[in-house]
Structures are given as C-alpha cells and as structure tokens.
Amino acid sequence: MMITTQRLLDLTAAARACHGQDLLRLLREANGLYQQGLQDLLRSLVMHLGSLPTPDLVGAAMDAGMLCDTSQGREELLLLLALAKWEMTPAALAYSQLAEDAARRGISLTPED
C-alpha cells in the first residue's frame, strides 16, 4: 500500500499544475490506484476478519462509523468496513483532494471514463 500512497500523493501534487486532458489523465490513474488500494485492504480484512460471526462484523463496521445491521450479507459488511478504514488513509485522502480540485476546475470522471 505504500507504493499506492506515495503515487497518489505524487499525482495530487502534480495535478496542481495540470489542466484539461492532462488533469483527466492524472485523475484516471489516481482513481485506478484508489480502487486498487481499497481492494487490497478488503482482501486483507477478509483474511483477518472473514471468520468473525456476523454480529461481530456489524459491530466492527459500526465502530468504524458505518451504518449497518445483521440483515446485510457478510461480503457487504466486510466491504463497508474496508471502505470506512480506507477512507481514513493518506492515499484515499489524497485521491479525494485530487478529485475535488479537478471537479472545481470542471474535470471529473464519467461512466465512460
């Protein structure tokens, strides 16, 4: 995850000087790294917490700030937990900053991107 974090920090810094298609290219790369980091964290959580009883997964997700309950499937609970943890990482925060800055300048990812 350190490589992902450093690259996202680098992209965020570089984005300040980019415009138009160059900024869109950086945003696409950053989005891919964001998704990769989230998936890596999810795989790690599945390995470490995947055997927990469902009520314990609900508790862990709620402790992390996610609204959920025992009616949700285990995969969804693990994803919610991973998302809550990922959103607090420097990599995810850097991506959010880059995406917000790009949006202010009229650049965003659309479904076809």
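This is a predicted model: local features need pLDDT of at least 70, side-chain atom pairs count only at pLDDT 80 or more; totals for chains, interfaces and linings use all residues.
1. Ground rules. Local features need pLDDT of at least 70, side-chain atom pairs count only at pLDDT 80 or more, and totals for chains, interfaces and linings use all residues. Residues are numbered from 1 along each chain as its sequence is written, and side-chain values use heavy atoms, with hydrogens and water left out.

2. Ring pairs. Rings of Phe, Tyr and Trp (its six-membered ring) pair if their centres lie within 6.5 Å; planes under 30 degrees apart count as stacked, over 60 as edge-to-face and the rest as tilted. The count is 2 aromatic pairs. For Y34 and W86, the centres are 5.8 Å apart and the planes stand at 70°, so this pair is edge-to-face. Y34 sits in helix α2 (residues 20-49) and W86 in helix α4 (residues 74-86), 52 residues apart. Helices (H or I, at least four residues) are DSSP runs, numbered from the N terminus.

3. The other partner of Y34. The ring centres of Y34 and Y95 are 4.9 Å apart with planes at 40°, so the pair is tilted. Y95 belongs to helix α5 (residues 90-104), so the pair ties together parts 61 residues apart in sequence. Ring pairs link Y34, W86 and Y95 into a cluster. Y34 and W86 are buried, and so is Y95. Buried means under 20% relative accessible area, exposed over 50%, partly exposed in between (1.4 Å probe, protein chains only).

4. Helix α3. In α3 (residues 54-63), the buried residues are L57, V58 and A61. They fall within an arc of 100° (directions from the helix axis to the C-beta atoms), so they line one face of the helix. The face turned away carries exposed P55 and D63.

How values were computed: Helices (H or I, at least four residues) and strands (E, at least two) are DSSP runs, numbered from the N terminus.
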